[in-house]
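Student: Could we go through this structure together? I would like to begin with the terms.

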Amino acid sequence: MLDQQPKGFDMDNGEDEKGEKNNVDRGDAFFLQHPERLVRLPEVLYLVGVSRSTWHRWIVAGKAPRPVKFFTGGSAWRYRDIMAFLEAPADYIAVEEEEPALEE
């Protein structure tokens, strides 16, 4: 799944399916698949292919990755968690990650 390109995107010539130049270069493409990258809800829904309500229902049931909460009120998901979910969605079990201990 990690080696697949987004639909309509051609890495070889930097053009989309209509032949128009896009703003994504090879460095950006690497970053888009970085495992620690945070992904917002619209991209998660696009990657997983389900509705917002289904996705949230799966999170509550523990069948989908939990988001990382920001102190500003927003949230996002780790790209690696979404990819792990997509590898075997029926077998996925969300696990709580421990918060790192702050040293004094």
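Tutor: Let us begin with accessibility: a residue is buried under 20% relative accessible area, exposed over 50%, and partly exposed in between, using a 1.4 Å probe and protein chains only. Please note that this is a predicted model, in which local features need pLDDT of at least 70 and side-chain atom pairs count only at pLDDT 80 or more, while totals for chains, interfaces and linings use all residues. Residues are numbered from 1 along each chain as its sequence is written, and side-chain values use heavy atoms, with hydrogens and water left out.

Student: Is arginine 80 buried, exposed or partly exposed?

Tutor: Arginine 80 is partly exposed, with a relative accessible area of 32%.

Student: Which side chain does arginine 80 meet in a salt bridge?

Tutor: A salt bridge here is a side-chain nitrogen of Lys or Arg within 4 Å of a carboxyl oxygen of Asp or Glu. Arginine 80 forms one with aspartate 81, at 3.6 Å from N to O. Aspartate 81 also meets arginine 78, at 3.8 Å. Aspartate 81 itself counts as buried, at 12% relative accessibility.

Student: And how many salt bridges are there by this rule?

Tutor: The count is three. One of them links glutamate 43 and arginine 37, at 2.8 Å from N to O. Arginine 37 is buried at 9% relative accessible area, whereas glutamate 43 is partly exposed at 30%.

Student: Let us change topic to the helices. Which residues of α2 are buried?

Tutor: Helices (H or I, at least four residues) and strands (E, at least two) are DSSP runs, numbered from the N terminus. In α2, the buried residues are Leu41, Val44, Leu45 and Val48. They fall within an arc of 95 degrees seen down the axis, so they line one face of the helix. The arc is that of the directions from the helix axis to the C-beta atoms.

Student: What is on the other side of α2?

Tutor: Pro42 and Tyr46 are exposed there. Just after α2 comes glycine 49, with a positive phi of about 80 degrees.

Student: Now α3, please. Which of its residues are buried, and which are exposed on the face turned away?

Tutor: Thr54, Trp55 and Ile59 are buried in α3, which covers residues 52–61. These three lie on the same side of α3, because they cover an arc of only 140 degrees around the axis. The face turned away from them carries exposed Arg57, Val60 and Ala61.

Student: What do the buried residues of α3 pack against?

Tutor: They pack against α2 (41–48), β5 (75–78) and α4 (79–87).

Student: Which residues of the largest nonpolar core touch the most other members?

Tutor: A nonpolar core is a set of buried Ala, Val, Leu, Ile, Met, Phe, Trp, Tyr and Cys residues joined through side-chain atoms within 4.5 Å. The largest has 15 residues, and Val44, Val48, Trp55, Trp77, Ile82 and Phe85 touch the most other members. Two or more residues of this core come from each of α2, α3 and α4.

Student: Last topic: what is the strand order in the open sheet?

Tutor: The order is β3-β5-β4, with antiparallel pairing; two strands pair if DSSP finds at least two bridges between them. β3 (38–39) and β4 (68–69) each have a single partner strand, so one side of each is left without a neighbour in the sheet. In the pairing of β3 with β5, there are two bridges. Leucine 38 stands opposite arginine 78 in β5.

Technical notes: Contact means heavy atoms within 4.5 Å.
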